[in-house]
Amino acid sequence: MPKNLPILPAQVRKPGTLELGRIALNAYKASPAEETARFGKAGLLRMYRDMVLIREFETMLQRIKVQGSYEGVVYEHKGPCHLSIGQEAAAVGMAWPLGPDDLVFGSHRSHGEILAKCFSAIDKLPESGIQGILEGYGEGRTLRAVERYSRATPKDLALDYVLYGTLAEIFGRDAGFNRGMGGSMHAFFPPFGVMPNNAIVGGSADIAAGAALHKRVNRKGGVVIANIGDASAGCGPVWEAMVFSAMDQYRTLWNPALGGSPPILFNFMNNFYGMGGQTFGETMGFGVLARMGAGVNPENMHAERVDGYHPLAVADAVERKLKLLREGRGPALLDTVTYRISGHSPSDASSYRDRHEVERWQQADSIAAFGGYLVANGHCGAPDLEAIRIGSVARLINALEHAASLEISPRMPGEAVGGLMFSFGRAERTGDGIPEVTVEPDLNPRLIALRDKSRSGLVDGKPAPKGRAVTYADALFEAMLHRFREDPAMIAYGEENRDWGGAFSVYRGLTECLPYHRLFNAPISEGAIAGTAVGYALCGGRAVAEIMYCDFLGRAGDEVFNQMAKWQAMSGGTLRMPLVLRVSVGSKYGAQHSQDWSSLAAHIPGLRVMFPATPYDAKGMLNLALRGTDPVVFLESQRLYSETEMFVPGGVPEGYYEVEMGAPAVRREGTDVTIVTIGPILYRALEAAQALERDYGVSAEVIDARFLNPLDYGPILESARKTGAVLLASDACERGSFLHTMASRIGNAVFDSLDAPVTVVGARNWITPPAEMEESFFPQKEWFLDAIHENIRRLPGHVPATRQAVADFLERDRIGI
């Protein structure tokens, strides 16, 4: 049902003063006796061991990068290495209270967080469970390498496994956690709750929010922590993620049985620097980062600052946040104060900070301080601490010797990377249970109304009256409704998706039959819309996110091009990405709402790109996308939503069907010239084909590409060999258009069969002008005729109305338009 949240003028215009709640700063207090009772002697010693292992791991990498060796083991590491020396207590304290079902996402500086969370999971999992994970993950590649030198108990073996698997990943080895495809900045290990770390500053924030959404929607246990740096506080997607996670609707509109807000903690690892920029006093203005929470919700996101040089203080703070998150009262924020002794990277000379500042933090070193605390309180002696250090070095020497050996740890063959770009999977459902609906889909008013409409746009050979036939928008609706009925974990969201039915009415009728958590309105935050969908999908659920206008892809650029496109491959094939990003391509709305960026999407490896031009294809291709396990940019032209099916006999089938992946469709047969189109320009191409036949006796074959990636060129090449001439057309700006890639492929493949160069017709290289001037910008029927006349074959008596000759394009290129 539509929401009912009245906004009353008397209420919102009432005078008053807004009072912000208090935010605690480094408030942890506990006696050694209390800490011993809470954490136990063995637990306190394990914390120290974990901190030392992380410090030694990072020290090893620093020596390898700077000196080329560690403890006699020589290795040249060519890749990046962003070290967290000094931040060990913050990582170990964060991970200590977490269970295996709790997930952590990190940044480019997250080696310590990876290790800490893995160590925590090892401590909490039973030995039988650990053994099963080690044997089953990655076809046993990592385990086989570790078993060459480690034959200990499952938990001890697991420690060596984690150290080797992380290091092998950093070195780009096939036995690394992600087959070497993640490397230092993207390594992760899902079985222990370590999710993708992100090289883009703040890039984990909205992905982690999507993972928390997956837990809430699908009633999964555990919480999610986004470990991000203080400099990410200046990144838009971080704020978008916090706002998305704090939406009131989780409590006001969603079913209370789901448990409230998504369980996410934004944990800012505040080391006071973003590369050389100092967030305190220079590049930020908040003074205390925890203050950010006051800008998100009345609870200040339960924000507090915690001393990240005190592992017990961090563990206490995280444990308290976990409690409120499990109660559905999130999101939460921690400003975890720490410091990186090492530079931004090993090549960083730290010229932006005073050496005395670094020395003061070294004097406050968390490992030395915590070791002193353990000795002072009788938990161990100094020799015990030294034994832990020596044991850590020995473990790391073993891990390094095996990870550095190409014989023991070979790299993946280069060509194999291509096989990781897509999962090529099919999944009827991505979750368990019965799909939740509020009204049986068969009783849906829109579906009932569609039964009275013609499935075809032709009735008795004539166009069906307006409103009496199934449209492109109707076809998309049917595909969405079908998958909602089949897949209990499928959700859809974006701007105006609920109540309004989507800005272009594709979702009209879904509000009546779906609960809020399966179809909801998101903030106007395209980055978070796409980024949370990535997080939801990589956790296993199917997400359909909508970008209202193609032009708004710019707001979601990182999430689409760096995240959505890449995580399947960067995971080494571990993750799937069942995500469909519906993108509406506008017209009539001027320069910022009417651009076709299909070429941009096609340029990015890892994305499937579809652009149906007919109702039959709209349903069949969306069905295809919604059953797959790969990320799809699904483009829809606003010119087409009201179009009816004019090509397929019988029109749009009522039942389920799919269009073959990558297959173009011949819309009109011909013998003299081949016209290939992408998107709505198909209809202008058909007008041009009729004019060519009628006025010039030229028979044009018109092919609708339908797909940009993948694309089967076979039918196009067959047509090109038959006609000897090819013209390619779309509404995308001509410069840099995907059409030029197609032209190159076709020209190279059938060069000997062509009578003229492949010709491209695209929109002008301008801003999109107002609706009244669009005919001068987007290709029209006459442009096809002029392009054929100037570049392919002379049309008797034809007088060009536009400038389509090669010389005209060269002149425009000379001046940049």
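Close-up 1. Helices (H or I, at least four residues) and strands (E, at least two) are DSSP runs, numbered from the N terminus. Ala492 also stands opposite Val544 in S16, and S14 pairs with S16 in the parallel sense over four bridges.

**Close-up 2. Both faces of S14 are covered.** Ile491 and Tyr493 on one side, and Ala492 and Gly494 on the other, are all buried (under 20% relative accessible area, with a 1.4 Å probe and protein chains only). In a regular strand the side chains alternate between the two faces of the sheet.

**Close-up 3. Here is the whole open sheet, seven strands in the order S15-S14-S16-S17-S19-S18-S23 with mixed pairing.** Its edge strands, S15 (519-521) and S23 (707-709), each pair on one side only. At the S23 end, S18 (residues 608-610) runs antiparallel to S23, joined by two bridges, and Met610 stands opposite Phe707.

**Close-up 4. Helix H24 (residues 615-627) lies across S16, S17, S18, S19 and S23.** H24 runs at about 160 degrees to S19; axes are lines fitted to C-alpha atoms, for helices over the stretch in contact (heavy atoms within 4.5 Å), and angles run from 0 to 180 degrees between N-to-C directions.

**Notes.** Residues are numbered from 1 along each chain as its sequence is written, and side-chain values use heavy atoms, leaving out hydrogens and water. Because the model is predicted, local features need pLDDT of at least 70 and side-chain atom pairs count only at pLDDT 80 or more, while totals for chains, interfaces and linings use all residues.

Note on methods. Pairing = 2+ DSSP bridges. Buried < 20%, exposed > 50% of the residue type's maximum accessible area, 1.4 Å probe, protein only.
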